Amino acid sequence: IKKLKASLRYDFVREQTPNAIEETVEGSRRVSTIVRAMKFMSHPGTSDKVQVDLHEVIKSASTVTRNRWKEVAQMKFNFCASLPVIYGYPAELSQVFMNLFVNSTDAIAENIGLTPGKRGEICVET
């Protein structure tokens with residue numbers, strides 16, 4: 001049994017399994033969040049203004065662009081709890097915020113460089 005355990009690296013697998021499961025669950029959560037954001041943002045543009053939750057638009061845009069800014073900046077939100085729903089064009093607003101986040105990321109990267117451990121900050125306040 002000892003030889004079999006050693007050949008199968010039983011102790012290593014036993015130690016690593018909880019971390020692997022935890023990382024898998026976290027990865028699944030991230031994928032789910034990204035899919036929800038993409039679904040939210042994929043509504044086709046309309047010719048009529050509709051009710052838009054600006055906070056949802058901002059959060060979705062930050063989720064979709066996260067891969068672009070995560071190494072360069074930290075995203076901070078300071079949302080007003082009493083912000084009313086607005087009337088607007090959700091697809092166009094999403095595009096505006098995605099462009100703002102990408103442009104902010106590019107400006108930060110240009111300013112501080114891609115030095116490991118050095119990051120800027122993108123603050124969004126409503």
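This is a predicted model: local features need pLDDT of at least 70, side-chain atom pairs count only at pLDDT 80 or more; totals for chains, interfaces and linings use all residues.
Numbering starts from 1 along each chain as its sequence is written, and side-chain values use heavy atoms, with hydrogens and water left out.

Back to His55. It sits in helix α3, residues 54–69; helices here are DSSP runs of H or I with at least four residues, strands are E runs of at least two, and both are numbered from the N terminus. Is His55 buried or exposed? Buried, because its relative accessibility is 12%, and the cut-off is under 20%, with exposed over 50% and partly exposed in between, using a 1.4 Å probe and protein chains only. Its side chain also makes a polar contact of 2.7 Å with the side chain of Thr126. For that term, think N or O atoms within 3.5 Å; within protein, one has to be able to donate a hydrogen and the other to accept it, and sequence neighbours count only if both atoms are side-chain atoms.

Zooming out, the protein chain has four helices and four strands, running α-α-β-α-β-β-α-β from the N terminus. Of its 126 residues, 21% count as buried. And the overall dimensions? The C-alpha trace spans about 70 × 35 × 25 Å along its principal axes.
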